[in-house]
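Hi everyone, thanks for coming. Today I'd like to walk you through one structure, piece by piece, so please have a look at it with me.

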Amino acid sequence: MIEATPPSIRAAASRVGGALGSVAGRASLVVALLAAGAVVVFGGGRDDGPPVLVGAGDIASCTSGGDEITAKLLDDIDGTVYTLGDNAYMDGSAKQFRRCYDPHWGRHRDRTRPVLGNHDLRKADGKAYYDYFGADVGRHGEGWYSYRIADWQVLVLNSQCDQVDCGPDSPQARWLKDTLADRPARCTVAMWHHPLFTSGGKHTAEPRMRPLYQILYEHGTELVLTAHNHNYERFAPQDPGGVRDDRQGIRQFVVGTGGASLYRFGDDVAANSETRDDRTYGVLKLTLDPDAYHWRFIGQPGAAYSDSGSAGCH
């Protein structure tokens with residue numbers, strides 16, 4: 001789980017993790033080594049099985065109890081927690097992070113790698129988001145960054161295309177191309193807030209993310225995780241134009257089920273949508289093998305809906 005770390009450092013991390021006890025022991029351990037020549041590593045839970053990514057988007061609202069439900073689901077799942085944006089409603093203020101996000105999802109903050117959402121930017125251009133999650137979530141005003149989990153590369157992008165350029169020659173696109181070229185991985189997952197493909201519920205698709213999806217497609221990316229619509233949807237693998245492509249296509253999920261009020265789907269279903277649900281709070285768990293992945297949507301206790309499957313990397 002902890003990549004490129006000397007044995008002495010791994011042993012120290014293990015001792016610290018053991019001392020944290022049963023509650024924090026389920027969280028990942030971030031070891032920040034500031035001495036010369038050291039690295040910052042990010043771990044995700046126990047080392048006795050394949051690494052796990054688990055999370056959702058559209059999370060914490062003080063007017064909804066959904067985030068308390070999904071945080072309790074995380075309590076029982078080891079691994080790295082991701083968010084898919086709109087972390088603290090309605091304005092992403094420091095007060096809302098403190099009062100709405102921190103009491104529930106906040107107990108997993110040490111193992112969380114977040115995505116920036118539009119509601120997170122409503123106050124001071126997202127200052128509270130950057131202050132709350134710390135230095136390893138991209139530069140303020142950019143919001144894109146990457147990290148590794150075992151053999152997998154994870155790419156976090158910024159889909160706030162009114163605030164940042166999402167075009168093919170944008171700084172974000174250049175960073176993405178360079179990262180994919182300089183740090184190749186057998187398997188890759190990307191995540192951002194606004195979906196390129198969605199059957200709606202309230203928000204339409206965000207076509208301005210297509211150039212970044214194109215870059216990911218050309219480099220053989222397996223998965224894209226998004227949110228924004230407060231429901232759950234899984235698509236078959238597609239090319240950037242929305243044509244099914246089982247050989248090279250990217251499988252996109254919408255996982256806006258983190259806790260804010262859910263949106264109902266309309267009558268129109270997007271092409272290649274394979275499953276949808278708009279009545280269940282839950283999280284998407286990804287188990288990451290060296291050359292494959294397994295997904296499972298874990299809903300609130302008593303939920304009738306479920307979704308699971310697996311596929312190989314390109």
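**Two helices side by side**

Let's start with a pair of helices: α5, residues 171–182, and α6, residues 210–218, pack at an angle of about 10°, with their axes 10 Å apart. That angle makes α5 roughly parallel to α6. On our scale, angles under 35 degrees count as roughly parallel, over 145 as roughly antiparallel, 65 to 115 as roughly perpendicular, and the rest as oblique. The axes are lines fitted to C-alpha atoms, for helices over the stretch in contact, and angles run from 0 to 180 degrees between N-to-C directions.

Who makes the contact? From α5 we have Gln 172, Ala 173, Leu 176, Lys 177 and Leu 180, and from α6 we have Leu 212, Ile 215 and Leu 216. Contact here means heavy atoms within 4.5 Å. Sorted by class, this contact has 6 nonpolar, 1 polar and 1 charged residues. For the classes, Ala, Val, Leu, Ile, Met, Phe, Trp, Tyr, Cys and Pro count as nonpolar, Asp, Glu, Lys and Arg as charged, and the others, Gly among them, as polar.

A quick word on where this comes from. The model is predicted, so local features need pLDDT of at least 70 and side-chain atom pairs count only at pLDDT 80 or more, while totals for chains, interfaces and linings use all residues. Residues are numbered from 1 along each chain as its sequence is written, and side-chain values use heavy atoms, with hydrogens and water left out.

**Staying with α6**

Which residues of α6 are buried? They are Leu 212, Tyr 213, Ile 215, Leu 216 and Tyr 217. Buried means under 20% relative accessible area, exposed means over 50%, and partly exposed is in between, with a 1.4 Å probe and protein chains only. The cover over these α6 residues includes β7, α5, β8 and β9. Just after α6, Gly 220 takes a positive phi of about 75°.

**The sheet of seven**

Now to the strands. An open sheet of 7 strands runs in the order β6-β7-β8-β9-β11-β10-β12, with mixed pairing. Its edge strands are β6 and β12, each pairing on one side only. Two strands pair if DSSP finds at least two bridges between them. Neighbouring strands of this sheet are turned by 15° against each other on average, direction ignored. Helix α5 packs on the sheet too, touching β6 and β7, and its direction makes about 175° with that of β7.

Let's look at the β6 end. Strand β6, residues 145–149, is mostly covered, with 4 of its 5 residues buried. It is joined to β7, residues 152–156, by 5 bridges, and the two run antiparallel. Here Tyr 147 stands opposite Val 154 in β7. The hairpin of β6 and β7 has 2 residues between the strands, and Ala 150 takes a positive phi near 50° there.

On to β8, residues 187–191: 5 bridges join β7 to this strand, and the two run parallel. Trp 152 stands opposite Cys 187, and Val 154 has Val 189 as its bridge partner in β8. Is β8 covered or open? It is mostly covered, as 5 of its 5 residues are buried. Cys 187, Val 189 and Met 191 point one way from β8, whereas Thr 188 and Ala 190 point the other way.

**The sheet of six**

There is also an open sheet of 6 strands, in the order β5-β4-β3-β13-β14-β15, again with mixed pairing. Strands β5 and β15 stand at the edges with a single partner strand each, so one side of each is left without a neighbour in the sheet. Strand β4, residues 80–83, and β5 pair in the parallel sense over 2 bridges, and Tyr 82 stands opposite Arg 113 in β5.

Leu 121 is found in the loop between β5 and α4. At 17% relative accessibility, Leu 121 counts as buried. Leaving aside neighbours within four places in sequence, Leu 121 is in contact with Leu 116, Gly 126, Gln 160 and Gln 163.

Zooming out, the protein chain comes to 6 helices and 15 strands. Those are DSSP runs numbered from the N terminus, with helices (H or I) of at least four residues and strands (E) of at least two. Of the chain's 314 residues, 55% count as buried.
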